[in-house]
Amino acid sequence: MAILMAPEQATESFRDSGRHATPAIELSKVTKRFPTPSGSVFTAIRDVNLVVEPGQFCAVVGPTGCGKSTTLTLVSGLDRPSAGVARVHGAPVDGIAEGTSFVFQADALLPWKTVLGNVALGPIFHGIARKPAHATARDWLRRVGLKGFEDHYPHQLSGGMRKRVGLAAALINDPSILLMDEPFGALDVQTKAIMSNELLALWEQTKPSVIFVTHDLEEAIALADTVVVMTVGPGTVKAVYDIDLPRPRGAVQEIRFEPRFLALHQQIWDSLRSEVERAYARTATSTEHGEDR
Amino acid sequence: MSVVFDSAALGDESQIAADLRRKKIRRRLLVYAARALTLFLVLGGWELFANLKIVDPFFFGQPSGVYQTLRHWVEHGTAYGSLWLQIWTTLKEALEGFALGVSGGVLFGLLLGQNRFLSDVLGPYVKAMNAIPRIVLGSIFVIWLGFGTTSKAVLAAVLVFFVVFFNAYQGVREVDRNLVANVRVLGASRLQVTRQVVLPSALTWIIASLHVAFGFSIIGAIVGEFLGAQKGLGLVIATAQGNFDPNGVFGAMLIIAVIALTAEFLIERIERRLLAWRPPSHAEAGLA
């Protein structure tokens with residue numbers, strides 16, 4: 001059910017095209033438990049199986065608190081699974097994986113660094129000298145439409161602009177895997193639509209494998225090749241849907257009126273709704289656990 | 001039609017802006033005048049009451065006496081050499097102690113703040129050491145290190161250390177975990193995380209502690225000199241006390257106050273420079 005085969009052409013443009021059989025990201029029977037302050041154990045995700053092929057854009061939707069973010073931290077190597085294996089390019093994740101970038105829900109820009117300094121962090125951490133690192137950063141800022149803002153500090157930018165800086169900072173490392181944790185969740189509807197379009201345009205250039213966590217189903221369908229529906233926590237994969245809308249998708253604001261989009265939306269929402277309702281019923285009765293943990 | 005309307009509105013606005021500016025200047029002048037008046041009333045009252053013998057100048061001194069003493073020190077030096085030598089001695093002790101204490105405090109704060117095990121092990125001892133009246137250590141340092149300037153610098157350093165340490169430690173603990181996770185994913189090593197995220201983030205806390213810390217370093221130097229020294233402002237005060245010379249005590253106090261205010265001014269300049277990235281105020285931070 002959870003294992004997906006991507007179309008062959010997706011792997012062709014990818015860097016390790018020699019290993020066709022190896023998925024970019026593979027979670028098998030991954031469980032993550034956290035100790036709670038009260039001494040008990042909280043299971044965030046349970047037996048999650050997920051495969052993302054190279055160059056595939058995978059969106060994960062699910063109710064609040066279903067462990068979507070936890071899944072990302074396990075793929076990135078920021079945290080380790082309690083049971084099961086997370087593999088990236090076939091190798092088990094052991095610490096921060098090279099070639100993985102993460103775009104966080106909250107702003108993760110260093111407030112004491114200028115926009116240019118923030119974007120140049122990745123290359124500098126990889127031992128590249130300041131000058132070429134800044135040159136690359138300038139180029140990326142131009143690509144995300146922030147030419148002229150190099151010397152601004154993050155607090156001088158709008159939310160959407162800060163997200164662009166975050167995108168540039170993540171993409172400058174030329175990741176083969178891009179993890180995004182509700183990246184546009186805090187933006188207003190119009191800015192979100194613009195950012196979604198730009199994300200697609202940037203993604204089409206280098207085609208990293210993406211896991212895009214969101215609880216906005218329309219956003220998920222408009223952007224992704226596959227949509228994974230997770231159950232209410234402890235989260236596990238409930239269903240996986242192939243999104244067969246043609247690419248390039250064009251403006252996300254318009255695609256949502258196409259009949260195929262509406263049909264997919266209807267189909268996935270049927271699956272998601274019961275989980276959302278169960279999650280809601282649960283938060284109404286207890287507020288024991290923090291969100292998305 | 002609309003042009004006429006616009007320019008009229010513009011004229012109004014520049015008029016209002018000019019009015020506001022004038023009001024602001026007037027208020028500032030008023031504040032300065034009130035400050036000068038306050039100083040005049042306090043010093044004048046003190047001088048007047050001392051002259052009328054309502055307060056006894058033998059015990060309380062008087063402003064003119066303080067001035068005479070300071071002038072005498074400047075022209076003829078103190079009992080232990082020139083006034084400048086005394087000031088320089090105390091300042092040197094305070095600065096050395098400050099530098100030592102700040103570096104130690106920041107270093108240990110970063111170390112214990114980032115290493116849970118170390119902080120669990122050493123935490124109670126640090127708290128216990130903070131609880132003892134450290135000023136008494138001055139006597140030990142005089143025994144160990146003699147009457148020279150080193151014992152005073154060390155006492156100042158001990159006083160400064162704890163202030164800076166607790167702030168640095170807290171600052172490190174308050175670092176946004178999101179920022180750390182982000183730079184780790186971007187490829188930062190442990191040392192790079194400390195340098196690029198933890199230290200700048202804790203800097204707000206550390207710098208806030210420097211204001212108090214410099215005051216402590218002066219206290220350390222002066223008290224150290226009280227306990228036994230060959231020169232320094234503390235010794236000058238101790239001597240004035242022995243001679244029942246309140247003017248001498250107040251005079252030395254005044255000098256110390258000037259030193260402390262100068263230091264405060266410099267620290268504020270450094271603060272503004274290092275924390276230039278901060279948004280000017282919370283109200284404006286949301287706008288762009």
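The legends below describe close-up views of a predicted model.

**View 1. Chain A as a whole.** In this predicted model, the secondary structure of chain A comes to 10 helices and 10 strands. Of the 293 residues in chain A, 47% are buried. When contacts in chain A between residues at least 6 apart in sequence are considered, 73% of them join residues at least 24 apart.

**View 2. Where chain B touches chain A.** On the side of chain B, 18 residues are in contact with 23 residues of chain A. The elements of chain B that give two or more residues to this side are α8, residues 177-185, and α9. Between them, α8(B) gives the most, with seven residues. Sorted by class, the side of chain B that touches chain A has 12 nonpolar, five polar and one charged residues.

**View 3. The bend in helix α9 of chain B.** Helix α9 of chain B runs through residues 190-227 and has 38 residues, yet its end C-alpha atoms are only 45 Å apart, whereas a straight helix would reach 56 Å at 1.5 Å a residue. At L203(B), α9(B) bends by about 40°. Just after α9(B) comes G228(B), which takes a positive phi of about 150°.

**View 4. The crossing of helices α4 and α10 of chain B.** Helix α4 (residues 83-114) and helix α10 (residues 233-242), both of chain B, have axes that come within 7 Å and cross at roughly 120°. Because of this angle, α4(B) is oblique to α10(B). From α4(B), the residues that make the contact are Q86(B), I87(B) and T90(B), and from α10(B) they are L233(B), G234(B) and V236(B). By class, this contact of α4(B) with α10(B) has three nonpolar and three polar residues, and no charged residues.

**View 5. Helix α11 of chain B and what covers it.** Helix α11 of chain B, residues 246-274, has 29 residues that should span 42 Å at 1.5 Å a residue, and its end C-alpha atoms are 42 Å apart, so the two values agree. The buried residues of α11(B) are P246(B), N247(B), G248(B), V249(B), F250(B), G251(B), A252(B), I256(B) and A263(B). Among the elements of chain B that cover these buried residues are α2 (57-60) and α3 (63-76), together with α9 and α10.

Terms used:
Residues are numbered from 1 along each chain as its sequence is written. Chains are lettered from A and ligands numbered from 1 in the order in which they are written. This is a predicted model: local features need pLDDT of at least 70, side-chain atom pairs count only at pLDDT 80 or more; totals for chains, interfaces and linings use all residues. Helices (H or I, at least four residues) and strands (E, at least two) are DSSP runs, numbered from the N terminus. The expected span of a helix is 1.5 Å times one less than its number of residues. The bend at a residue is the angle between axes fitted to the seven residues ending there and the seven starting there. Axes are lines fitted to C-alpha atoms, for helices over the stretch in contact, and angles run from 0 to 180 degrees between N-to-C directions. Angles under 35 degrees count as roughly parallel, over 145 as roughly antiparallel, 65 to 115 as roughly perpendicular and the rest as oblique. Two residues are in contact if their C-beta atoms, placed from the backbone, lie within 7 Å. Ala, Val, Leu, Ile, Met, Phe, Trp, Tyr, Cys and Pro count as nonpolar, Asp, Glu, Lys and Arg as charged, and the others, Gly among them, as polar. A residue is buried if 20 or more other C-beta atoms lie within 10 Å of its own, exposed if 12 or fewer, and partly exposed in between; C-beta atoms are placed from the backbone.
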